[in-house]
Amino acid sequence: MGKVLITIILLMICVCSHAQDPIAWDELSAEQQRVLKKFEGRWSELPPHKQNKLSRGAQNWQNMTPEKQDKVRQRYKWFKDLPPEKKERLREKWQSMSPEERKEFRKKHKNKFKDKKHKKNKDWDRD
């Protein structure tokens with residue numbers, strides 16, 4: 001019974017490790033390549049799951065309006081400027097959330113960032 005269980009587990013590991021095929025750089029659209037340019041030199045070294053995630057992200061980026069892209073850039077800059085310990089706490093919190101909790105969090109904080117941006121722009125206009 002133990003050997004059968006070990007064999008099943010090993011087969012599952014093999015299947016899971018090949019669940020996603022690698023994507024050749026040349027298979028990406030010109031726009032995806034433009035968005036992912038910084039990965040070009042090491043693209044073939046990335047694991048298939050990372051290549052797939054990045055290619056989907058680049059595709060999503062292409063489908064965003066310029067306004068949505070601007071929001072994403074602002075949120076990225078906000079996160080990038082946080083102290084490392086706060087980034088780590090936020091990552092840990094996010095990873096511990098269920099998909100439902102993440103959805104609720106997004107909904108709850110949707111206007112929070114927008115309000116800060118609006119206030120910042122109003123402050124700028126006063127000067």
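The legends below describe close-up views of a predicted model.

Residues are numbered from 1 along each chain as its sequence is written. Because the model is predicted, local features need pLDDT of at least 70 and side-chain atom pairs count only at pLDDT 80 or more, while totals for chains, interfaces and linings use all residues, and side-chain values use heavy atoms, with hydrogens and water left out.

**Figure 1. Overview of the helical elements.** The protein holds 6 helices and 0 strands; helices (H or I, at least four residues) and strands (E, at least two) are DSSP runs, numbered from the N terminus. The order of the elements from the N terminus is α-α-α-α-α-α. Of the 127 residues in the protein, 14% are buried. Here, buried means under 20% relative accessible area, exposed means over 50%, and partly exposed lies in between, with a 1.4 Å probe and protein chains only. Among contacts between residues at least 6 apart in sequence, 38% join residues at least 24 apart, a contact being heavy atoms within 4.5 Å.

Figure 2. A salt bridge is defined as a side-chain nitrogen of Lys or Arg within 4 Å of a carboxyl oxygen of Asp or Glu, and the structure holds 4 of them. Arg34 is exposed, at a relative accessible area of 51%, whereas Glu31 is partly exposed at 28%. Side chains of opposite charge can pair when their charged atoms come close.

**Figure 3. Salt bridges of Lys77 with Asp81 and of Glu88 with Arg91****.** The side chains of Lys77 and Asp81 meet at 2.6 Å, N to O. Asp81 is partly exposed, with a relative accessible area of 48%. In the salt bridge between Glu88 and Arg91, the closest N and O atoms are 3.8 Å apart. Both Glu88 and Arg91 belong to helix H5 (residues 84-96), where they are 3 residues apart, about one turn of the helix. Glu88 is partly exposed at 37% relative accessibility, and Arg91 is partly exposed at 39%.

**Figure 4. The largest nonpolar core****.** This core has 9 residues: Ile23, Trp25, Leu28, Leu36, Phe39, Trp43, Leu46, Leu54 and Ala58. A nonpolar core is a set of buried Ala, Val, Leu, Ile, Met, Phe, Trp, Tyr and Cys residues joined through side-chain atoms within 4.5 Å. Leaving aside neighbours within four places in sequence, Leu46 contacts Phe39, Gln51 and Leu54. In soluble globular proteins, nonpolar side chains tend to be buried together.

**Figure 5. Packing of helix H4 against helix H5****.** Helix H4 (residues 66-80) and H5 pack at an angle of about 120 degrees, and their axes are 9 Å apart. The axes are lines fitted to C-alpha atoms, for helices over the stretch in contact, and the angles run from 0 to 180 degrees between N-to-C directions. H4 is therefore oblique to H5, since angles under 35 degrees count as roughly parallel, over 145 as roughly antiparallel, 65 to 115 as roughly perpendicular and the rest as oblique. Trp78, Phe79 and Lys80 of H4 make the contact with Lys87, Leu90 and Arg91 of H5. These residues divide into 3 nonpolar, no polar and 3 charged; Ala, Val, Leu, Ile, Met, Phe, Trp, Tyr, Cys and Pro count as nonpolar, Asp, Glu, Lys and Arg as charged, and the others, Gly among them, as polar.

**Figure 6. Leu90 and Leu82 at the H4–H5 loop****.** Leu90 is located in helix H5 and is partly exposed, with a relative accessible area of 30%. Not counting residues up to four places away in sequence, Leu90 touches Trp78, Phe79 and Leu82. Leu90 and Phe79 are 11 residues apart in sequence, and their C-alpha atoms are 9.5 Å apart. Leu82 sits in the loop between H4 and H5 and is buried at 13% relative accessibility. Apart from neighbours within four places in sequence, Leu82 is in contact with Lys87 and Leu90.

Figure 7. Gln69 is buried, with a relative accessible area of 15%. Beyond its neighbours within four places in sequence, Gln69 is in contact with Trp61 and Met64.
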